[in-house]
Amino acid sequence: MVRRSPPDFAHYLAKKYMRTEMLPTAFCPGCGLGIIERAIIMAIDELGKDLWERTVFVSGIGCSGWIPVYFKCDVLHTLHGRALPIATAIKVCRPELNVVVTMGDGDSMAIGGNHLIHAARRNIDLTVVVANNMLYSLTGGQVAPTTPQNVYTNTTPYGNFEPNFNLMELMKAAGATYFARWTTWHFVQLKNSIKKAMEHRGFAVVEVVSQCPTYAGRYILGKPDPRDFMEWFKENSVPVEKSKEMSEEELQGKIVVGEFFKRSDRREFAEKVHTLIRAARGDSG
Amino acid sequence: MYFLASCLVRILGRSFPLKKEKKLMIGYDAVTDAAILAGCRFFAGYPITPATEIAERMAEKLPKSGGIFLQMEDELASINSLIGASWAGFKAMTATSGPGLSLMMEGLGYAVLSETPMVIVDVQRVGPSTGMVTYPSQGDVCQVRWGSHGDYSIIAIAPASVQDSFDYTIMAFNYAELYRTPVILLMDEVIAHLREPLIVREDVEIVKRKRPSMPPEEFMPFMPKPGEYVQREMPALGEGYKVIVESTMHDELGYRESESHEVGSRTIARLWNKIEKNVEKIAKEEFYFMEDAEIAVVSYGCPFRSAINAAKTARKEGINVGVVKMITIWPFHDSMIEKLAEKVKAIVVPEMNMSKIVREVARAAKGKAKVLGVPKLAGQMHTPEDILVAIRSVAR
């Protein structure tokens, strides 16, 4: 086997944290996942280099599953929907590691929905970045549990009649202890929320509404230009504080962004497991 | 004398029980005790009859040994968490039955492709579907080999007693490390709930996880040594090796190569060969009364017990019958069956299913002996008489 050689071009952060020999990425031009990659890298960079050495990435299947495969780090690119049980086991076995999970909307809310609610119920110390492009895009544009109403996709040729999930409400009810939602337009806020999520001891979810110009751009927005998508994010997002004063009708079609909740009243799962083991072995310390 | 005997047995390649303890034990206790002795420190499972007791015992025993027990939300989560735990450096096990095993098939394929050691105990019950929940079966023997999509090979071991359950659980953990693969322990409801005397050996050979012998910049997690098919060395997460554990087709470094026919062919062939080309090292069987046998009963699991009884009765009737107990079912030991077919005139294969392994036996026998399957369905064990009838029919 011949090792690949890295290209001579690369951003300094890419040289530091990415497997540059694997570049360019598989993402379409204008995709939002590159922005999310950079937000994750900058979040860890700002939290200190030693954190990167302790970080393990776990991802599922879909375009979002490719986010961490370019990272110069321990990475598990797993099965569709199954990132969370794998991440749960890693965190319980090695509590000192910073376990970061990247998933898409279908990955987390459809095929992996059961794992998501149970990971939240356990309040296991994971940072989960959900890239929500409102569509199944890797498979060519099919309806997802997040696709807006009446949108035409390849599997809703007469318009989408499927109600949506609200990930924030779902996570709140299931027991997650940190939740933030941003769009790729809000880069700095996104990066800061990922930092907070990594520092938070418990199940922390950061949802990123992300543009897929190739499919979502054409099917949802009606135009494939990523710049239009970013403009749409900017104009349609409402800060969480402001949304409280708005009626349900006014919020139709809007993306509510911000930090929704942060709780510290629930004990973390891996810590509970290890307390139990120490007690079972008769070691109170 | 003792020293001499011990030396002799060691020379013959079998570990002698220097320190031993005899006790009455139930099948699932033998499995869980052996697993912990073999170094298992992670168990994840989901309750399912008749495998639940294994999870219950692990929940009790593992924390006392410093191990982790998790009851997951389903079998999909169970098998995937084993992959996480195994790469975190833990020896890991789960236990399930038919419906759970069906759910695990996708995860099994990921474990195969990512070369992740783990042990899956399948306490077989009657299928298809929910089937007959509390009755034994051998209906999953082909599913464990062929159940996940794509080309791969796997190791499956079938105990026929409580002692076997103990010994073969250790064998399963050792094979999982030696070949970096999931290994399936094919129990059934009867063996799991059987209470028998068990000799607990404590000087058993335990294969440890092999750590990388090279620094991260030179190490390739999926590159075997020249002439070998398996890279035994496996780093744990967080050790600086920066591994990619891919479910996509990958090269020897773990990098995704989902569009290269060359790399794909190389990886698939290696995964197949690391089991199939090592069949002579992996395959294990025991022979009973085979010296002068004209008819052989090839069996595994529960039917072996009736086969021994049937062979003794047949010998009283003047029919020279021997019994082969297959310890490993997969990889299938073709050469052993072919040699057997050259020696005997007929092979009888009693199975608690519609006759599955008998097809492998017939294929490997290459027409050199008559092969007859003896199916037994819906949770019934073969009586010695069932096997005797088949023996008499081929003896004529």
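B:Pro128 sits in the loop between strand E5 (118-126) and E6 of chain B. The peptide bond joining B:Gly127 to B:Pro128 is cis, with omega about 0°. Bear in mind that this is a predicted model, so what I quote are computed values. B:Pro331 belongs to the loop between strand E14 (328-330) and helix H12 (334-343) of chain B.

On the phi side, B:Phe289 has a positive value of about 50° although it is not a glycine. B:Phe289 is in the loop between strand E11 (285-288) and strand E12 (295-299) of chain B. It is partly exposed, because 17 other C-beta atoms lie within 10 Å. In chain A, the phi of A:Asn150 is near 65°, also positive in a residue other than glycine. A:Asn150 is in the loop between strand E4 (127-132) and helix H7 (167-174) of chain A. Its C-beta has 10 neighbours inside 10 Å, so A:Asn150 counts as exposed.

On confidence, the model scores ipTM 0.94 and pTM 0.93. Chain B has a mean pLDDT of 93, and 95% of its residues reach 70 or more. The part to treat with caution is residues 1-17 of chain B, where the pLDDT is below 50; that stretch has eleven contacts in the model beyond near neighbours in sequence.

Next, the domains. The assignment for chain B gives domain 1 (16-201) and domain 2 (284-395). Their centres, taken over C-alpha atoms, are 26 Å apart. Domain 1 of chain B puts 23 residues into the contact and domain 2 of chain B puts in 20. On the domain 1 side, strand E6 (132-136), helix H6 (143-146), strand E7 (155-157), strand E8 (182-188) and helix H8 (189-192) of chain B each supply at least two residues. That side of domain 1 is made of 17 nonpolar, four polar and two charged residues.

In soluble globular proteins, nonpolar side chains tend to be buried together. Here the largest nonpolar core has 211 residues, and those with the most contacts inside it are A:Ile90, B:Val121, B:Ile347, B:Val348 and B:Val361. Helix H7 (residues 162-178) of chain B gives the largest share, nine residues.

Not counting residues up to four places away in sequence, B:Val361 touches B:Val298, B:Ile337, B:Ile347, B:Val349 and B:Val371. B:Val349 is also among the contacts of B:Gly373, together with B:Glu351, B:Ser355 and B:Val358, leaving aside neighbours within four places. B:Gly373 is in strand E16 (residues 370-375) of chain B.

Last, the interface between the chains. The contact takes 33 residues from chain A and 39 from chain B. Strand E2 (74-77), helix H4 (83-93), helix H6 (113-122) and helix H13 (269-280) of chain A each supply at least two residues of the chain A side. H4(A) gives the largest share of that side, eight residues. By class, the chain A side divides into 20 nonpolar, six polar and seven charged residues.

Four bridges join strand E1 (residues 55-59) of chain A to E2(A), and the two run parallel. Three bridges join E2(A) to strand E10 (residues 244-246) of chain B, also parallel. A:Leu76 is the bridge partner of A:Val58, and A:Leu76 also stands opposite B:Val245 in E10(B). A:Val75 has B:Ile244 as its bridge partner in E10(B). Both faces of E2(A) are covered: A:Asp74 and A:Leu76 on one side, and A:Val75 and A:His77 on the other, are all buried.

Definitions and conventions: Residues are numbered from 1 along each chain as its sequence is written. Chains are lettered from A and ligands numbered from 1 in the order in which they are written. This is a predicted model: local features need pLDDT of at least 70, side-chain atom pairs count only at pLDDT 80 or more; totals for chains, interfaces and linings use all residues. A nonpolar core is a set of buried Ala, Val, Leu, Ile, Met, Phe, Trp, Tyr and Cys residues joined through C-beta atoms within 7 Å. A residue is buried if 20 or more other C-beta atoms lie within 10 Å of its own, exposed if 12 or fewer, and partly exposed in between; C-beta atoms are placed from the backbone. Two residues are in contact if their C-beta atoms, placed from the backbone, lie within 7 Å. Domain bounds come from an automatic or database domain assignment. Ala, Val, Leu, Ile, Met, Phe, Trp, Tyr, Cys and Pro count as nonpolar, Asp, Glu, Lys and Arg as charged, and the others, Gly among them, as polar. pLDDT is the predictor's confidence in each residue, from 0 to 100. Two strands pair if DSSP finds at least two bridges between them.
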